[in-house]
Amino acid sequence: MLKVDLHVHTIASGHAYSTIQESAMHASSVGVEAIAITDHGSSMEGSPHTGYFGNMARIPREMHGVNLLMGCETNVVDLSGNIDLEKSIASELDVVLVGLHKLTPYPSSSSLADNTRALIAAMTSNRVHIVSHPYRLDFPVDIAALAKVASDQGVLLELNLSLLKLFGHNEKLLNQVKLMIEAAEKLGMKIVISSDAHIATEIGDDSVLSALGIQLPSGLVLGERDGHDEVKEFLASRG
Ligand SMILES: [Zn+2]
Ligand SMILES: [Zn+2]
């Protein structure tokens, strides 16, 4: 079980199924110390409008004994790496993720070079903490090149448990995950493991790692040392 889960969707995302309260309650029941509420950025079909992210200060920072972090999984919207969250709102959030997704304005015909360039531009010109699932089958990236820039920028790459659950049988995907782990290890950078939960019961559940026999070198994963404290340290260091 993860101690901290920095990627959780709620009903606000439009294709997820739990509320913030239900998410906190489930996290509490399985011993997850902190979760980040990271609904999809506004350009995705069915996702919340900008005002949702601008109003998150209204949400209590603790529910059912679980620390709540406020965030957004922003979308890259074009090949130049623009994202769908205003800088003034992003600067108020605890954690900003960026990723490539379908059902957004990002062109689905993009190449590996396009995707790599767009993600690098997105993370270098915005306040971003984490690149979510940088190894999607529908949006291939040069993971070594991405890892190098992420490492220089202090951005984390994410080991996304949802994609492993859905596509863990796919050799190509598993190979990309392996390359990401190798690249991070070589660069001495940390990675973050997140559920990308779309229903509360998925929060913190990392059982797919052992099910797929994925071994992670010790010291690689953020929060492995002392959970929430190390995560807070990282988020503070990013400003
Ligand atoms: Zn989603
Ligand atoms: Zn997500």
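What share of the 239 residues of the chain count as buried? In this predicted model, the figure is 44%.

## Overall build

The chain contains 9 helices and 8 strands. Its radius of gyration is 16 Å, close to the 18 Å that the globule rule gives for 239 residues, so the chain is as compact as a globular protein of that length. The C-alpha trace spans about 45 × 35 × 35 Å along its principal axes.

Contacts were also sorted by sequence separation. Among those between residues at least 6 apart in sequence, 79% join residues at least 24 apart.

Strand 5 covers residues 95-99 and is mostly covered, with 5 of its 5 residues buried. The burial applies to both faces: Val95, Leu97 and Gly99 lie on one side, Val96 and Val98 on the other, and all are buried.

Strand 5 pairs with strand 4 (residues 66-75) through 5 bridges, and the two run parallel. It also pairs with strand 6 (residues 130-131) through 2 bridges, again in parallel. Leu97 takes part in both pairings: it is the bridge partner of Glu73, and its own bridge partner in strand 6 is Ile130. Between strand 5 and strand 6 the chain passes through helix 4 (residues 112-124), and this β-α-β crossover is right-handed.

## Helix 4

Helix 4 has 13 residues and reaches 18 Å from its first C-alpha to its last, close to the 18 Å expected at 1.5 Å a residue. Its buried residues are Asn115, Thr116, Ala118, Leu119, Ile120, Ala122 and Met123. An α-helix has 3.6 residues a turn, so residues three or four places apart point the same way. Among the buried positions of helix 4 are Asn115, Leu119 and Ala122.

What covers these buried residues? The cover includes strand 5, strand 6 and helix 5 (143-153).

## Nonpolar core

In soluble globular proteins, nonpolar side chains tend to be buried together. In this model the largest nonpolar core has 64 residues. The residues with the most contacts inside this core are Ile35, Val76, Val98, Leu119, Met123, Val131 and Met180.

Which residues does Val98 touch, leaving aside those up to four places away in sequence? They are Thr74, Val76, Ile83, Ala122, Met123, Asn126, Val128, Val131 and Ser132. Two of these contacts, Ala122 and Met123, are buried residues of helix 4. Val98 itself is a buried residue of strand 5.

Terms used. Residues are numbered from 1 along each chain as its sequence is written. Chains are lettered from A and ligands numbered from 1 in the order in which they are written. This is a predicted model: local features need pLDDT of at least 70, side-chain atom pairs count only at pLDDT 80 or more; totals for chains, interfaces and linings use all residues. Helices (H or I, at least four residues) and strands (E, at least two) are DSSP runs, numbered from the N terminus. The radius of gyration is taken over C-alpha atoms; the globule rule is 2.2 Å times the number of residues to the power 0.38. A residue is buried if 20 or more other C-beta atoms lie within 10 Å of its own, exposed if 12 or fewer, and partly exposed in between; C-beta atoms are placed from the backbone. Two residues are in contact if their C-beta atoms, placed from the backbone, lie within 7 Å. Two strands pair if DSSP finds at least two bridges between them. A crossover is right-handed if, with the strands pointing away from the viewer, the path from the first strand over the helix to the second runs clockwise. The expected span of a helix is 1.5 Å times one less than its number of residues. A nonpolar core is a set of buried Ala, Val, Leu, Ile, Met, Phe, Trp, Tyr and Cys residues joined through C-beta atoms within 7 Å.
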